[in-house]
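Work through the exercises below with the sequence and the structure side by side. Each task is followed by a solution in steps.

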Amino acid sequence: MLHLRVIAPPDQASAVTDLLGGDPGVTHLVVVPGAALRPSGDLILCDVVRERADDVLRGLQQLGVEARGGITATDVELTLSAAADRAAEEAPGSGADAVVWDEVAAKTGEQTELSGTYLVLIVVATMIAGIGVLLDQPILIVGAMVVGPEFGPLAALCVALLRREPATVGRSVQALVVGFLAAMLVTVLSTWALTAAGLVDRAMLLADRPLTDFIWRPDALSWVVGLLAGVAGMLSLTSKKSGSLVGVLISVTTVPAAANVAVAAAYGVWHEAAGSALQLVINVCAIVLAGLATLAVQQLLWWRVARRFRRRSARATRAGG
């Protein structure tokens, strides 16, 4: 369930109240006339089940509330209310499967910013993975996968492509390209520094590495894993199952592949660098394709659910009239 706080100008307050009051998925509706000062207007509070949140938010936007007022949505962790239970029963579909597209767009849009924190995280993750490659230590590879922040821009890219937002697409691609290039450059420099300090050497890269050599030897399963990770990642974001996102991060070798490119390039082992680069491209493309397809299917399914709900509501209205 989501809690909505709406600031509606006086001339729109009646329409907003009618919209919210007429939706069976809305409950706990409160109107405080003239309570809002900046922007000025009426303060309208309500709770809405996730199954109806997307349609409710779209209706508020069609009224133009966000242009002169404001709409804020927050998650409700606990609700003890018979009215809320009835709203959930009357709304179509399952709340666990519901997609609130504005929420998804806002969440992923924040991940496109090429910030200092993002750059530090991807550089640190790639350096950790580079050491893991040389030591043939899967635990370091797994740690680097969890630390790496690259799934955020990848998810944002999928959402932006579906919603046809070229500006967000550009920011996502920029974050990915600049982030990976910066991380690989720093990893090359750190590999040279560690070699000069006598902590690592080229022989470690050329030695048998049975636990991590999959990073630079892509095959058909690389596509399969990337596609599955893209599906799971999108579902974890749209359904708010954040716990499963950790498993997605661990399953995809984007950061380790970039690290292997950097380490192999630092030592001039170009065939391994090329294999790792191919692994990186495969995983990125597979995640984007699978993520985009998952979002498209979810959009289609919820469009059909909403259409059936509108038809049912229309029949009920005619029968009542």
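This is a predicted model: local features need pLDDT of at least 70, side-chain atom pairs count only at pLDDT 80 or more; totals for chains, interfaces and linings use all residues.

**Exercise 1.** Find where Asp42 lies and what surrounds its side chain.

Solution. Start with the strand: Asp42 is part of β3, residues 40–48. Next, look for a charged partner. Asp42 is buried without a salt bridge, and Arg68, the nearest side chain of opposite charge, is 11 Å away. A salt bridge needs the nitrogen and the carboxyl oxygen within 4 Å. Beyond four places in sequence, the contacts of Asp42 include Val6, Ala13 and Gly34.

**Exercise 2.** Decide whether Asp23 and Arg52 are buried or exposed, and describe their pairing.

Solution. The closest N and O atoms of Asp23 and Arg52 are 2.8 Å apart, and the two form a salt bridge. Asp23 sits in the loop between α1 and β2, while Arg52 belongs to helix α2, 29 residues away. Both residues are buried.

**Exercise 3.** Explain which parts of the chain are tied together by Arg163 and Asp102.

Solution. First, the two side chains meet in a salt bridge at 3.8 Å, N to O. Arg163 is in helix α8 and Asp102 in helix α5, so the pair ties together parts 61 residues apart in sequence. Arg163 is partly exposed at 30% relative accessibility, and Asp102 is partly exposed at 27%.

**Exercise 4.** Locate the nonpolar surface patch that contains Val178.

Solution. Begin in helix α9, residues 166–196, where Val178 lies.

Conventions: Residues are numbered from 1 along each chain as its sequence is written. Side-chain values use heavy atoms; hydrogens and water are left out. Patches are made of residues with over 30% relative accessible area and no salt bridge: like charges are joined within 9 Å, nonpolar side chains (Val, Leu, Ile, Met, Phe, Trp, Tyr) within 5 Å. Accessible areas come from the Shrake-Rupley method with a 1.4 Å probe; for residues, only the protein chains shown count as cover. Helices (H or I, at least four residues) and strands (E, at least two) are DSSP runs, numbered from the N terminus. Buried means under 20% relative accessible area, exposed over 50%, partly exposed in between (1.4 Å probe, protein chains only). Lys and Arg count as positive and Asp and Glu as negative; His and the chain ends are not counted. Contact means heavy atoms within 4.5 Å.
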